[in-house]
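These are my notebook entries on a structure that I opened for the first time. I set down what I looked up, entry by entry.

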Amino acid sequence: MTAEAPISLQANDFQLFDIPEQFKVDSALISQRWKALQAQTHPDNFVAADAATKRLAMQWSVRVNEAYQRLRLPISRGAYLSELRGAPINAEDNTAMPAAFLMQQMAWREALDDAQGDLSELEDLADQTRTVKGEWLSIAEQAFDRDGDTAVAVGAIRALMFIERFSKDVNQQIDALTDATNP
Amino acid sequence: MALLQISEPGQSPDPHQRRIAVGIDLGTTHSLVASVRNGVAECLPDTSGRVLLPSVVRYTGEGSGRTIGYDALSGEAADPANTIASVKRLMGRVRADVHNVDNLPYRVVDTAGMASVDTRAGEKSPVEISAEILATLRFRAEDSFDDDLFGAVITVPAYFDDAQRQATKDAAQLAGINVLRLINEPTAAAIAYGLDQHSEGLFAVYDLGGGTFDISILRLTEGVFEVLATGGDSALGGDDYDRALAHIALTQGLGAQAPTPEALSAEDKASLYAAARRCKEALSGDAVQSATLACPLEVGDLHIEITREAFAAATSALTQRTVQAVRRALRDAELENDGIEGVVMVGGSTRMPVVRDAVAKLFGKAPLTNLNPDEVVALGAAIQANQLAGNHSGDALLLLDVIPLSLGIETMGGLVERIVPRNSTIPTARAQDFTTFKDGQTALALHVVQGERDLVADCRSLARFELRGIPPMAAGVARIRVSFTVDADGMLQVDAVETGSGVKAHIDVKPSYGLSDDQIADMLRDSYATAEQDIQARAVVEARVDAQRMVLATQSALDADGDLLSSADRAHIDALMVQLKGVEHSNDAAYIEAQTKALADATEPFAAARMNRGITQALAGKNLNAV
């Protein structure tokens, strides 16, 4: 048996997609690789194949989807990269954050409470969240890809997780409001 | 069981001997079968030239015992209690879950697993009734081609949950159909539409059928159909518009003391709904401003004019429910409605101007209606069936679909822990760790649910199973990893393992609503479609077919990638193939199966090497053109 390539189901997401192991990614390339890999592995290609091939196709197709899901979004990609670099995020066990960041979070929560039912205030809040998210994304990229400072990078990913949760709450209120006002 | 046609060993199959593969749209009000002939997908007509088969089965108590389609429909008014229409609404449901169940002209009762209909021929499950419709379409296809069917792609509403999908698969099995794949109706429509129009970009498919509503948002790029989000309501369709119209017609025609439609006799209900449907269809005509709703009833004859405005007012709440589902799907796809290239309309109910107007207003552009909304789903399924059966020779198309509803596990306090979020691309697998609640707890009750709500009580229960034999430990110490696997049909399997001790439990999510293999076997024994075949003979035939499939699959793998094998491995596989061909005609099912398994085991490393080669080529960009 001569295997042509060393790729295995155990390869990490970056190896599987054959992209550099870093935070900054080319989204279009990821999406293209995902489709190319699915074109090879998707169970639809193996409807008439033997059971072993079918099982293998299912495993690979699942693995490719898993990697794509993780690589596609910055937070899951960052958390995965932290783990690869030996510094897992441990989001549940470790919630300590810098005081300034926590102050900002509290201010936002208050603003969200005050904005009840006011669409333009909610939209303002959503814009602010987006800006701060962008700042933390650059911090993460700088730390992961240029400074190689995993501790700073991990802090940035955890901050992004907080921001993500908050912006979900904001969007939920905006949705509720637009559903009610768009009969 | 359809037998495969196989050419002489070592030779490629005759290119003219195509496998007969069809697409079937099993609809609430009517069903269709389509196939690709000479490169073009077309719906297959019955002997009278009609492509639609009304999804109606009437148990007559005479002759073969039942009539199906137009014959059944014509008996509906006279014999409503034994004429089953819209059975799709009952699939995978218990009685309490069926919307408007008291309003149906036939009697729905609870039986083991799911609701059934009490007819003069006894209790009939929705699976059996659907199987009658599917078998009729299967015979239509086999007569059209004068050949056995290799397999079918069957469409289901995107919003169907696991129980409803399983029921559909069971019905197909009962009808003797090899299911190549279940695909979602809006996705099928997108295939037919996208290939027909050579479209690229973001599309919304708005699919309002007789009893179900789906919305899917897709990205089309070079033969790849990527579903970004899907949503809908599996109990909302044209039938509900008929009922709303019937309701106002009664009040308008008989005054304040008019009974509700629910209070009418079965015969009156059937004729009133039929009249409402005719009136609705008349109102959908070009520039029609009003239409007559006329029907004789025991409680007094109805003869009234219904205006477009009155119809719109009576049904606006229904249309509004679809609009909200569209908005949610757009949010899930993280899109604004102005990024949408086109909106494809599917399902007969999208002929209603009230629906078209609402969709045009929502997206700010006129919806696309150039393909027949009744046929487009079956046509797309036929194109996919043709490809899955290996008949297709041109550029491959790739479907990347999603699950419509989140899947999770019940945790303490009746809360749901989501494990697979909705709109995850399938196939997918996700796992999460759980632990014990009490000291010394040795068993864990797992309750699998589907839905978006946080409370178990608000979600659909799919299955319950237990993990037993956990070594006693302090509360919170055991680590129980629960893994969910969703295959390309959107069907779920759940595994649980205690990682310290290795104690395992596994369930195919099936027994809650689906039928057990024994029940299927019983039904097959009784069924008309396979009455002559006895189960034993069937097992031999199936073993032979599997053996032939294995030989064929191995041969084509060797032809394509035989160079991956060392000469010793090649010789071993060749020897096993010769051996398997030698027992193909044996009457001993177990023996054939053992030989098939021997070849399967021997080719497993070869299959892995082939998959690796494919992946390497994908990354090297060699196959990018095919994507």
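Entry 1. I began with a term: two strands are taken to pair if DSSP finds at least two bridges between them. With that in hand, I noted that strand E13 (residues 201-208) of chain B and E14(B) pair in the antiparallel sense over 8 bridges. I looked up one of these pairs and found that Leu202(B) has Arg219(B) in E14(B) as its bridge partner. I also recorded that the model is a predicted one.

Entry 2. I then asked in which order the strands of this open sheet of chain B follow one another. The order of its 5 strands is E18-E13-E14-E15-E19, and the pairing is mixed. At the edges I found strand E18 (342-346) and strand E19 (398-400) of chain B; each has a single partner strand, so one side of each is left without a neighbour in the sheet. Neighbouring strands here are turned by 25° against each other on average, direction ignored.

Entry 3. I turned to an open sheet of 3 strands in chain B, with the order E8-E9-E10 and antiparallel pairing. Its edges are strand E8 (107-110) and strand E10 (122-124) of chain B, and because each has a single partner strand, one side of each lacks a neighbour in the sheet. E8(B) is joined by 4 bridges to strand E9 (residues 115-119) of chain B, and the two run antiparallel. Among the residues involved, Arg107(B) has Asp118(B) in E9(B) as its bridge partner.

Entry 4. As background, most residues other than glycine have a negative phi, and most peptide bonds are trans. Ser86(B), which is not a glycine, has a positive phi of about 55°. Its place is in the loop between strand E7 (83-85) and E8 of chain B. Is Ser86(B) buried or exposed? With 20 other C-beta atoms within 10 Å, Ser86(B) is buried, the cut-off for this class being 20 or more.

Entry 5. Glu222(B) also has a positive phi, near 40°. I located Glu222(B) in the loop between strand E14 (213-221) and strand E15 (224-233) of chain B. Glu222(B) counts as partly exposed, with 13 C-beta neighbours inside 10 Å. The peptide bond that joins Ile426(B) and Pro427(B) is cis, with omega about 0°.

Entry 6. I checked helix H9 (residues 376-388) of chain B, which has 13 residues. From its first C-alpha to its last it reaches 19 Å, close to the 18 Å expected at 1.5 Å a residue. Of its 13 residues, 13 are buried, so H9(B) is largely enclosed by the rest of the structure. Gly390(B) follows H9(B) and has a positive phi, near 85°.

Entry 7. Last, I considered chain A, which is divided into domain 1 (13-72) and domain 2 (99-181). The centres of these two domains of chain A, taken over C-alpha atoms, are separated by 31 Å.

Definitions and conventions:
Residues are numbered from 1 along each chain as its sequence is written. Chains are lettered from A and ligands numbered from 1 in the order in which they are written. This is a predicted model: local features need pLDDT of at least 70, side-chain atom pairs count only at pLDDT 80 or more; totals for chains, interfaces and linings use all residues. A residue is buried if 20 or more other C-beta atoms lie within 10 Å of its own, exposed if 12 or fewer, and partly exposed in between; C-beta atoms are placed from the backbone. The expected span of a helix is 1.5 Å times one less than its number of residues. Domain bounds come from an automatic or database domain assignment. Axes are lines fitted to C-alpha atoms, for helices over the stretch in contact, and angles run from 0 to 180 degrees between N-to-C directions.
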